[in-house]
Amino acid sequence: MTAQVVVLGAGYAGAGAVQTLEDELEDARITWISDTDYHLVLHESHRVIRNPGVQEHIKIPVEEIKSPSTRFIEGEVTDVDTDERVVSLDDGTNVEYDYVLVALGSSTAYYGIPGLDEHSLTLKSLDDALEIHRSVKEAAAEATREDPAQIAIGGAGLSGIQSAGEIAEFRDAHNAPIEISLIEALPEIMPGQDPELQGAVKKRLREKDIEILTDDPITEADEDAIHFDEGEPLEYDVFVWTGGITGREALEGANVEKEHNRVVAESTFQTSDDRVFAIGDSAVIDQGEAPAPPTAQAAWQAAELVGENVARAIEGRPLKTWTYKDKGTLISIGDEAVANDIQGLPINTFGWIGAETLKKMVAARWIADVSSPKRAKRAWKHL
């Protein structure tokens, strides 16, 4: 009997996995399910905060990614019944599977902080980026030099820093009365990263007149202000929260081992149910002392192997072990960028045109791989 393989999600993990599955599975039937009919180059979505026109260059239709033989269903996954091997969608559709690959991405974690969910915007989708743009634009239009718009970004990781940089570029391009605050509960921005990288990024943030507030956790948010453990409340007009991730609600009922609603997977991507595989932000993938990071880089790498492992599972062959390889960090702060610990380069941390070009190259290569070199070339100047 032909195996039914279902892929959930159109992020980096899902889009990349569909293509590797198509290469590996000659006899299986592949069904790809996503709540959007496009793949978003998410690590460039912050560009849309400044310029909504960028969306056309980082939104890739699924028809450009998959082969004609792969069935695509647009719909929101509401449940994965691992006992009956059925995926349920929000329109009542049920899709049966023999093997399922969970690559749904993540949801925003609010850590139980009162008011955070209700009063903040997030950056997990294209619609989120467009909403941040609209909110910043409206706040700036109502502000004056004497009473500037207050834009607060909670969480000083990659998403928070890149969002702050784009808002600063919007402010400067439009000469808008905007003040920007970047908030981090821990003592340093980019917690856990190389101090040299932290210092280089902090320098560029300050050059862009972005206030950095660290070492004081948020305890509550209301419709007007953010409250802290020790410091005075910070009034805001727009509050963007990028502080953490958790699993998707659709996985709550799945009978597999989970941590914070993210599926626990071995280094083969197989879960406690041998018919369920998981990669990307949906998964906590064993890598020994610590799991693989929930990053685009890790998702790309995992997608290259997961198709072969699903094929091996169907055929009853041993699965291959995946080892994540950190190839370095690239982060943009508006039109500038900083690179750190890039594999194969002799210098540890650098910026300016070298880092900017390298960051563009990484995004363009991904677009070329999942779509075409022609699309990547068109997108270049917008990355």
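**Close-up views of a predicted model**

**Figure 1. Helix α1 and its surroundings.** Helix α1 covers residues 12-24, a run of 13 residues, and spans 18 Å from its first C-alpha to its last, close to the expected 18 Å at 1.5 Å a residue. The expected span is 1.5 Å times one less than the number of residues in the helix. Helices (H or I, at least four residues) and strands (E, at least two) are DSSP runs, numbered from the N terminus. The model is predicted: local features need pLDDT of at least 70, side-chain atom pairs count only at pLDDT 80 or more, and totals for chains, interfaces and linings use all residues. Residues are numbered from 1 along each chain as its sequence is written, and side-chain values use heavy atoms, with hydrogens and water left out. Of the 13 residues in α1, 11 are buried, where buried means under 20% relative accessible area, exposed over 50%, and partly exposed in between (1.4 Å probe, protein chains only). Among the buried residues are Tyr12, Val18 and Leu21. The buried residues of α1 pack against β1 (4-8), β2 (29-34), β3 (38-40), β9 (99-102), α8 (296-315) and α9 (352-370).

**Figure 2. Aromatic pairs.** The whole structure holds 7 aromatic pairs. Rings of Phe, Tyr and Trp (its six-membered ring) pair if their centres lie within 6.5 Å; planes under 30 degrees apart count as stacked, over 60 as edge-to-face and the rest as tilted. The ring centres of Trp32 and Phe72 are 5.7 Å apart and the planes stand at 80 degrees, so this pair is edge-to-face. Trp32 belongs to strand β2 and Phe72 to strand β5 (residues 71-74), and the two are 40 residues apart in the chain. Trp32 is buried, with a relative accessible area of 0%. For Tyr236 and Phe239, the centres are 5.5 Å apart and the planes are at 55 degrees, so the pair is tilted. Both Tyr236 and Phe239 are buried. Tyr12, Trp300 and Trp366 are linked into a cluster by ring pairs.

**Figure 3. Charges over rings.** Lys59 lies over the face of Tyr38, 5.3 Å from the ring centre. Arg275 lies over the face of Tyr99, at 4.7 Å from the ring centre. A charge sits over a ring if NZ of Lys or CZ of Arg is within 6 Å of the ring centre and within 35 degrees of the ring normal.

**Figure 4. Helix α6.** Helix α6 (residues 158-174) has 17 residues and reaches 25 Å from first to last C-alpha, close to the 24 Å expected at 1.5 Å a residue. Because 12 of its 17 residues are buried, α6 is largely enclosed by the rest of the structure. The buried residues include Ile161, Ile167 and Phe170. After α6 comes Asn175, whose phi is positive, near 50 degrees.

Figure 5. Val77 is placed in strand β6 (residues 77-81). With 8% relative accessibility, Val77 counts as buried. Not counting residues up to four places away in sequence, Val77 touches Leu8, Ile33, Val87, Ser88, Leu89, Leu104 and Ala250; contact means heavy atoms within 4.5 Å.
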